[in-house]
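The exercises below go through one protein chain, step by step. Try each task before reading its solution.

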Amino acid sequence: GFSRNLGAKEDISLNGRGPVYYSRGSDIDYIFRVSPRIVRSIRNMSLGIETEYTAAAYAESYDTMGRPESSQLTANLRILLFAFYRF
């Protein structure tokens, strides 16, 4: 998945004091996640492995439309092993 902060349609500055707006995750320029999974089933048992790579670019500054001007990428890699037994 991929998501990007595109900012506002209009200037969001208020009386020249800088951007004034309220949002969730407004400091994120973009974020993406890749999560492949391999599962092997034998009768009632399933074994698998999944990796998840998530990266987010956090903004350091914004323009007057609320769009991030510079950002720094932060990433995380997670590996998950799982077993299911159905009875």
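Which residues form a nonpolar patch on the surface?

The model is predicted, so local features need pLDDT of at least 70 and side-chain atom pairs count only at pLDDT 80 or more, while totals for chains, interfaces and linings use all residues. Residues are numbered from 1 along each chain as its sequence is written, and side-chain values use heavy atoms, with hydrogens and water left out.

**Exercise 1. The nonpolar patch**

Task: list the members of the nonpolar patch and find the strand with the largest share.

Solution. 
- Step 1. Patches are made of residues with over 30% relative accessible area and no salt bridge; like charges are joined within 9 Å, and nonpolar side chains (Val, Leu, Ile, Met, Phe, Trp, Tyr) within 5 Å. A salt bridge is a side-chain nitrogen of Lys or Arg within 4 Å of a carboxyl oxygen of Asp or Glu.
- Step 2. The members are Val34, Ile38, Ile49, Tyr53, Leu73, Leu77, Ile79 and Leu81. Together they have about 800 Å² of accessible area, computed by the Shrake-Rupley method with a 1.4 Å probe, where for residues only the protein chains shown count as cover.
- Step 3. β4 and β5 each supply at least two residues of the patch. The largest share, four residues, comes from β5.

**Exercise 2. The chain as a whole**

Task: state how many helices and strands the protein chain has, and how confident the prediction is.

Solution. 
- Step 1. Helices (H or I, at least four residues) and strands (E, at least two) are DSSP runs, numbered from the N terminus. The chain has zero helices and five strands, in the pattern β-β-β-β-β.
- Step 2. The predictor's confidence in each residue is pLDDT, from 0 to 100. The chain averages a pLDDT of 87, and 90% of the residues score at least 70.
- Step 3. Buried means under 20% relative accessible area, exposed over 50%, and partly exposed in between (1.4 Å probe, protein chains only). Of the 87 residues, 20% count as buried.

**Exercise 3. Leucine 73**

Task: decide whether leucine 73 is buried, partly exposed or exposed, and name what it touches.

Solution. 
- Step 1. Leucine 73 is found in strand β5 (residues 68-85).
- Step 2. Leucine 73 counts as partly exposed because its relative accessible area is 45%.
- Step 3. A contact means heavy atoms within 4.5 Å. Not counting residues up to four places away in sequence, leucine 73 touches Tyr30, Ala55, Ala56 and Ala57.
- Step 4. Tyrosine 30 is 43 residues from leucine 73 along the chain, and their C-alpha atoms are separated by 9.0 Å.

**Exercise 4. Salt bridges**

Task: say how many salt bridges the whole structure has, and describe two of them.

Solution. 
- Step 1. A search of the whole structure finds five salt bridges.
- Step 2. Glutamate 50 and arginine 37 meet in a salt bridge of 2.8 Å, N to O. Glutamate 50 lies in strand β4 and arginine 37 in strand β3, 13 residues apart. Glutamate 50 is buried, at 10%, whereas arginine 37 is exposed, at 56%.
- Step 3. Glutamate 52 and arginine 78 meet in a salt bridge of 3.1 Å, N to O. Glutamate 52 is in strand β4 and arginine 78 in strand β5, so the pair ties together parts that are 26 residues apart in sequence.
- Step 4. Arg33, Glu52 and Arg78 are linked in a network of salt bridges.
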